[in-house]
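User: I have a model open and want to go through it. Can you take my questions as they come?

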Amino acid sequence: MEQFFTQLTNGLAVGGIYALIALGYTMVYGVLKLINFAHGDLFTIGAYLGLTLLASLGLTGNVGTAGGIFFLVLMVMGLVGVIGILLDRAAYKPLRTSPRLSAVVSALGASIVFSNTIMLVYGPSPRVYPQGLLPTHVFYVFGLPVPIMRIIILATSLVLMIGLYLFIQKTRTGTAIRAAAIDQGAARLMGINVDRVIMLVFFIGPALGGAAGVMVGLHYGQINFTMGWIYGLKAFTAAILGGIGNIPGAMVGGLLLGVIESMGAAYISNAWKDAIAFFVLILILIIRPTGLLGERVAEKI
Amino acid sequence: MKKIVLMLIAATFLFAGPAVSAETIKIGLMCPLTGSWASEGKDMRQIVELLAGQVNEQGGLLGKEVEIVVADDGGDPRTAALAAQRLASRGIVGVIGTYGSSVTEASQNIYAATNTLQIANGSTSVRLTEKGLPYFFRTCPRDDEQGRVAVKSMLEKGYKRIAILHDSTTYAKGLAEEARGLLADEAAEIVFFDALTPGEQDYTTILTQIRRDNPDVVFFTGYYPEAGMLLRQKMEMGLDVPFIGGDANNNPDLVKIAGTRAAEGFRFLSPPVPQDLPSPVAQDFLAAYIEKYGQAPGSIWAVLAGDGFRVLAKAIEETNSTETEAIADYLKNELQAFPGLTGMIDFDQKGDRIGDVYRVYEVDADGNFILQK
C-alpha cells in the first residue's frame, strides 16, 4: 500500500509536467490542426533561459526565494511566449495555405534548429541549476513521506491549467479562441481577428511549456539540450491520450500518462515502462479513437 | 643561399636518411592527433617520445638509437587503416596504439598481414583479443575485467543483498550481466535487476522500487548523468543505500549534477588516474613528464601507451632481437611481473593483460575523487 501510494505521487508529479507541456500541443492543434513538433524544444529553451536569468539577475537575492522564483517563472513564460510567436511567424505563417504536411515538416525542421542552437550557445554537456534554492521539507501524509516539491509542482501545474481553462471558457478572448478552433472562416465572418487569435495561441502554449522547463530545471537540477525530445514525445502522447485539441483532455492525459508510467514501471518492469505506456495509449485509441475526452474525430496530420 | 639550402636538404635525404635508418630501431606509434580524441593522442605521443628519449640517453636498444615513427589515426577507423598501411611499410619493429576499440580493430588485420607486433593502449572491447591474432597485445584491461573487480569489491564490503541497475546500452547491459553471472556463484543474492531509461529526469519510481527491495548496495553500470540524478533523488527521498558505479562515472560533472552532499560516499570503478599511480617507477615518470611538458598526463589511457613502449623495449633487449615472432613469444611466455607505470604487467596467451588494473574511487565531502586503498 505504501509502495502504491508513493508511486502514485511519483507519477502525478511527472504527469503534471507532461500535462503542462501537452497543453501547448493541444492548443496549437485545436486552432491550426498542426502538431507543433518544436514545442519540446521550446520547453528546453525555457529551462535554459531560467538558468541564465537565475544566474545573471540574482533574482532570489533581491526579493527572497519564493518571490524570485515567481518572477523567474513569469519572465521565462513571457520570453518563451515571444519565441513561440516568432516561431509561428518564421516557420508556420508562410505555410498557412499550403498542405498540412508542409507545416509538419517545417515544425520538425524548427525543432532541429532549436535544439542545435541551444547546443551551440550552451554547450553539449549537461548544465546544472544552483542548488539549495528550493525547500526540501518532507510532508507526512498518513505516515507516508511526500516531498514538498512534489506538491508544489503538482499545485503549480494545476493552477496554470485551471487558469487556462477558465480563460478559454469564461472570457471574450477565450471564446474567440474557441470559435477560431471550430471554424476559422466563420470566426472571421463574425468579426474575430483570427491572426491575433493564432498569435495568442502561439504565445500561451509555449509560455506554459517554458514554465514547465523552469520547473523541471529547478526541481531536477540537471538540464541538457536533448531533454525536450523525450518530454515532447511524452506530452504529445498525453495530448493524444486525452483527446488532442481538448484542454481538459490534455490535463487528464498528462496526469494519467505519468501515473500509468510509474505504475507500469513499479508493478511490471522498468525497462518496459515506455512500451507499457504506449500500449495503454493504443488500447485507449482502439476503444475511443478520439482520445478520452475528445469530442470530434482527430484529423490526420 | 637558396640553392645551398636545397642541396643540403637533398643531401640529407640521399645520405643521412638511409644511413640513420640502418642505425636505429624504429617503433611505430599510432595515435589520434586530430579528431575528438586529439588530447589523448597528444599525451600518448608526448609520453612515448619522453620514454624513448630516456632509453636513448642510456645508450638505446641493442646499441642502436630508438626512433619513434608517429602516424595519426584521427580517432577514425578509415584514417587508421591508412595510417596502419603507412606504418607497416616503414620497417618498424612494432607499433603502439591506439586508443579507441573500433579504431584499433580497423588496423588489426593490416598489422597481422604484415606480421607487425601491435600493443594497443586504450581499446577495452573484449573481442579484440578473441580473434586469435598472434601478434596483438594490449596494456589496458578488458571490459569484462571491470565486472570482476566490481563483484570483488562488493563482496569484500560484506554486502549480501545486491541491486544491479543498467541503462540498456550495450556497454552498461554487458557489465550488468557480467556482474550478475559472477554473483551467481557467490554467497550474495541479487534482489533487483532492471534498467532505467537514460535521458530522463525523474528516477523516483525506480528508486522507490529499490527501497522496497531493501538492498545492501546498488551497482549502477550506466553513465554519469543518470548516476548524478539517481544520487540526488536518492538523497531527496531519504533513501540511505550505498551506490557503486562503473567506469563511465569517472567524470567531474557527476558531482555537479548530484551536488556534493548527495555525491559524497558514491564509489565507482576506474583505472587509476595518473596522479594516483603508486609505484616509484610511475612517480619518477610523472616527475620527468611534468618537468618536460608542464602538466601531468590527462588520463590513464595515454600512460598505458607508455607501458606499451616499455614492455616492447624490454622484450627487444631481453630477446636481443627485433623479430616479431621472438618478441611476441617473450611477451606471452617469459615476461613476468614487469614493473609497469600502471602496476605489474603480465600477458596471457591471448595478449591480454593479466591482473587488476581497476581501482575503486570514492567521492569525498568536497566532491573530489579519492582512490581507495
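User: How is chain B divided into domains?
Analyst: Chain B has domain 1 (2–141 + 277–354) and domain 2 (144–270), with bounds from an automatic or database domain assignment. This is a predicted model, where local features need pLDDT of at least 70, side-chain atom pairs count only at pLDDT 80 or more, and totals for chains, interfaces and linings use all residues. Residues are numbered from 1 along each chain as its sequence is written, while chains are lettered from A and ligands numbered from 1 in the order in which they are written.

User: What separates the centres of the two domains of chain B?
Analyst: 36 Å, taken over C-alpha atoms.

User: And how many helices and strands in chain B?
Analyst: Chain B has 13 helices and 15 strands; these are DSSP runs, helices being H or I of at least four residues and strands E of at least two, numbered from the N terminus.

User: How much of chain B is buried?
Analyst: Buried residues are 48% of the 373 in chain B. Buried means that 20 or more other C-beta atoms, placed from the backbone, lie within 10 Å of the residue's own.

How values were computed: Buried ≥ 20, exposed ≤ 12 C-beta atoms within 10 Å, placed from the backbone.
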